[in-house]
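Hi,

Here is the structure I promised to pass on. Have a look first, and my notes follow below.

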Amino acid sequence: MGFLTNEKLLIVGAAGMIGSNMAQTAMMLKLTPNLCLYDIYEPGLKGVVAEMDHCAFPDANITWTTDPAVAFKDAKYIISSGGAPRKDGMTREDLLKGNCQIAAEFGDNIRKYCPDVKHVVVIFNPADVTALTALIHAGLKPDQLTSLAALDSTRLQEALACEFGVQQCKVTGAHTYGGHGEAMAVFASQVKIDGKPLAECGLSAEKFAEIKHNTIQGGSNIIKLRGRSSFQSPAYNAVKMIEAAMGGEKFCWPAGTYVCNAKYQNVMMAMPTVIDATGCHYTEPVGTAEEMAALDASYEHLCKMRDEIISLGIVPAVADWKTVNPNL
């Protein structure tokens with residue numbers, strides 16, 4: 001089997017655990033032979049490059065650099081995990097200022113060196129506002145840049161599968177929307193367990209509250225168990241997102257996408273989405289009144305984080321976004 005495309009895929013933050021896993025996954029899925037690994041930490045980057053070379057992937061053209069001008073030049077697809085990781089006791093929001101400054105520089109590099117990029121996936125936390133920052137600075141169309149949100153849904157799916165003793169794929173409709181953080185909205189009304197509606201499966205309110213809590217704290221639990229933030233699951237999901245944008249299998253888990261409609265305006269938030277070769281497309285969530293109220297609350301939280309990065313001068317006031325990015 002050949003590669004999906006020959007176009008350049010750039011992994012930003014490639015020296016890290018997520019970045020190195022993304023590089024390996026991209027080659028294993030045969031997305032493109034032309035893979036560029038970029039990081040400012042040269043020793044770690046060299047180590048990843050050596051590991052990749054030792055995998056001996058056939059027909060691979062793996063390049064690496066610490067120079068953004070070289071890394072971003074002619075890139076058609078980009079995944080960035082190039083922010084500081086979350087540590088034990090930290091929330092995603094604790095990373096806001098530093099990582100949004102990194103996201104602004106990331107967006108500037110896209111604008112400067114690869115304005116013709118086709119799709120960008122941002123996965124460093126807090127992903128809702130780092131992705132928004134990158135989108136504003138990069139000048140891309142909203143459907144060209146997405147953020148990782150699927151992990152919240154896959155964690156919910158896994159918890160329900162364990163509860164009912166079924167294969168994880170037998171749990172459908174287990175989705176979370178809104179923010180990728182403590183204020184995410186967990187939707188259960190569309191869930192089916194091996195084809196049977198969750199409401200008919202005898203799950204107590206107390207047990208679902210526990211599952212919901214564990215879903216929201218899923219990332220924190222990984223840190224406690226492994227001593228570091230999760231890296232295998234975000235790497236895999238991010239690569240599957242970019243695979244879809246490259247024309248591969250459509251990505252149908254929720255993704256963080258730019259939303260500006262009658263109800264939710266000027267934020268990146270997880271919605272029911274499909275990523276394909278034409279970009280990211282979202283529809284409105286369907287849920288109970290309680291679920292929609294949780295989504296509204298999550299949106300308000302996202303607005304507060306957005307307003308905080310505006311107050312820090314990382315992005316301009318909403319009214320001025322069009323002067324920076326005419327696509328918004």
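Which residue lies over the face of Phe3? That would be Lys30, at 4.3 Å from the ring centre. A charge counts as sitting over a ring if NZ of Lys or CZ of Arg is within 6 Å of the ring centre and within 35 degrees of the ring normal.

Before you read on: this is a predicted model, where local features need pLDDT of at least 70 and side-chain atom pairs count only at pLDDT 80 or more, while totals for chains, interfaces and linings use all residues. Residues are numbered from 1 along each chain as its sequence is written, and side-chain values use heavy atoms, with hydrogens and water left out.

Now the strands (DSSP runs of E, at least two residues; helices are H or I, at least four; both numbered from the N terminus). Strand β5 (residues 119-122) has both faces covered: His119 and Val121 on one side, Val120 and Val122 on the other, all buried (under 20% relative accessible area, 1.4 Å probe, protein chains only). Strand β4 (residues 77-80) pairs with β5 in the parallel sense over four bridges; pairing takes at least two DSSP bridges. Tyr77 has His119 as its bridge partner in β5.

On to the rings, which pair if their centres lie within 6.5 Å (Phe, Tyr and the six-membered ring of Trp). There are four aromatic pairs. Tyr38 and Phe72 have ring centres 5.9 Å apart and planes at 70°, so this pair is edge-to-face (over 60 degrees; under 30 is stacked, the rest tilted).

Cheers

Terms used:
Buried means under 20% relative accessible area, exposed over 50%, partly exposed in between (1.4 Å probe, protein chains only).
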